[in-house]
Structures are given as structure tokens and as C-alpha cells.
Amino acid sequence: MQTPKIIPLTPSHAVPETMPGLPASWPKNAPSYFHVLSKPSGATCNLDCTYCFFLSKEKLYPNSRFRMSDETLETYIRQLLESQRAPEVTIAWQGGEPTLMGLDFFNRAVELVHTYARPGINIQHTMQTNGWMVHKPCTIPTV
Ligand code: SF4
């Protein structure tokens with residue numbers, strides 16, 4: 001297996017002063033890259049498959065709206081991009097059903113990736129969906 005090239009960490013010029021930046025030092029054993037699946041609509045779905053192991057997790061958060069806020073989205077995208085040192089980062093969405101967030105949410109996510117991605121980094125956007133709401137051409141811009 002080929003070892004990916006490691007990109008040194010550099011503080012992002014795009015990080016607003018009110019947000020915490022990168023740590024001054026990085027733990028020696030910190031991974032240089034990793035994969036995260038984000039569930040912006042939590043354990044909600046527009047289907048109810050009999051074999052689904054995940055929908056019942058909704059009961060763990062009785063007062064949740066199960067919709068990722070814009071503030072959390074920005075923090076998530078920024079921290080995910082800052083903490084990866086590989087030349088390629090995957091932004092991966094899953095559910096429940098992530099398309100319940102609506103197209104504006106994903107357009108905003110791409111916009112935030114444009115804001116926080118280091119120059120030269122390759123971004124992959126992926127989504128695991130049941131496809132039920134994918135019925136017309138998608139207009140999500142590419143990075
Ligand atoms: S589509 Fe997926 S998340 Fe939705 S009920 Fe079926 S298995 Fe669960």
C-alpha cells in the first residue's frame with residue numbers, strides 16, 4: 001500500500017479570531033489523516049426499513065430537532081479540514097437520511113469547504129442516501 005504524502009500543518013488564514021485555531025503543537029501519535037461520517041439529520045429518515053438498526057437511536061435524544069445547525073456545520077467543516085494533513089480530504093454525509101437537510105445545507109457545506117480548505121488540497125464530497133429524494137438534477141457546485 002502506498003503511503004500518502006503528508007502535508008505540514010499550517011494555521012489557516014481563514015480562521016476568524018473568535019474561533020480557536022490549531023493547537024501550538026500536535027501530539028506525536030496524532031493521525032495524519034482519518035475518515036469521518038457525519039450524520040447531519042441524526043437518526044431520522046423518510047423511510048422505515050424493517051431491518052434498520054439506526055432509527056431507534058432517535059430515542060437517545062428526546063428533545064433533539066435532528067438538524068445540524070449552521071454554527072455546528074461551520075465548526076465541523078473547519079475542524080475537519082484543519083486536522084487532516086493528507087493531500088486529499090473526504091467530506092462524507094450519512095444518516096438516517098442526509099438529504100432531509102435540503103440542498104441549501106449542502107451548498108453551504110461546499111461554500112465552507114471553499115473558505116477553509118488549504119490551497120492545493122483535493123476535496124471529495126460523498127453521501128450515502130436511500131435516493132428517495134434524488135429526483136432532479138443536483139446543482140451543488142464542485143470545489
Ligand atoms: S433508508 Fe437507511 S436509514 Fe432509512 S430506514 Fe432504511 S436503512 Fe434506515
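Why does phenylalanine 105 count as partly exposed? Phenylalanine 105 has 18 C-beta neighbours inside 10 Å, so it counts as partly exposed. The scale works like this: a residue is buried if 20 or more other C-beta atoms lie within 10 Å of its own, exposed if 12 or fewer, and partly exposed in between, with C-beta atoms placed from the backbone.

## The model

This is a predicted model, in which local features need pLDDT of at least 70, side-chain atom pairs count only at pLDDT 80 or more, and totals for chains, interfaces and linings use all residues. Residues are numbered from 1 along each chain as its sequence is written.

## The chain as a whole

The chain has 2 helices and 3 strands. Both kinds of element are DSSP runs, numbered from the N terminus: helices are H or I with at least four residues, strands are E with at least two. Along the sequence, the pattern reads β-α-β-α-β.

The chain has 143 residues, and 17% of them are buried. Now take the contacts with a separation of 6 or more: 81% of them join residues 24 or more positions apart. A contact here means two C-beta atoms, placed from the backbone, within 7 Å.

## The sheet

Strands of a sheet pair through backbone hydrogen bonds, either parallel or antiparallel. Here, 3 strands form an open sheet in the order E1-E2-E3, and the pairing is parallel. E1 (37-38) and E3 (122-127) are the edge strands; each has a single partner strand, so one side of each is left without a neighbour in the sheet. Two strands count as paired if DSSP finds at least two bridges between them.

E2 covers residues 88-93 and is joined to E1 by 2 bridges. E2 and E3 are joined by 6 bridges. Alanine 92 of E2 stands opposite leucine 37. In E3, the bridge partner of alanine 92 is threonine 126. E2 also has two faces: Val89, Ile91 and Trp93 are on the covered one, while Glu88, Thr90 and Ala92 are on the uncovered one.

## The helices

Helix H1 (residues 70-82) forms a right-handed β-α-β unit with E1 and E2. H2 forms another right-handed β-α-β unit with E2 and E3. Right-handed means that, with the strands pointing away from the viewer, the path from the first strand over the helix to the second runs clockwise.

Phenylalanine 105 belongs to helix H2 (residues 103-116).

## Two loop features

Most residues other than glycine have a negative phi, and most peptide bonds are trans. Phenylalanine 66 has a positive phi, near 55°. It is found in the loop between E1 and H1. With 17 C-beta neighbours inside 10 Å, phenylalanine 66 is partly exposed.

The peptide bond from glycine 95 to glycine 96 is cis, with omega near 10°. Glycine 96 lies in the loop between E2 and H2.

## Around the ligand

Which residues surround the ligand? Among them are Cys45, Cys49, Cys52, Gly95, Gly96 and Asn130. The shell has 6 nonpolar, 3 polar and 2 charged residues. Ala, Val, Leu, Ile, Met, Phe, Trp, Tyr, Cys and Pro count as nonpolar, Asp, Glu, Lys and Arg as charged, and the others, Gly among them, as polar.

Terms used
Near = placed C-beta within 6 Å.
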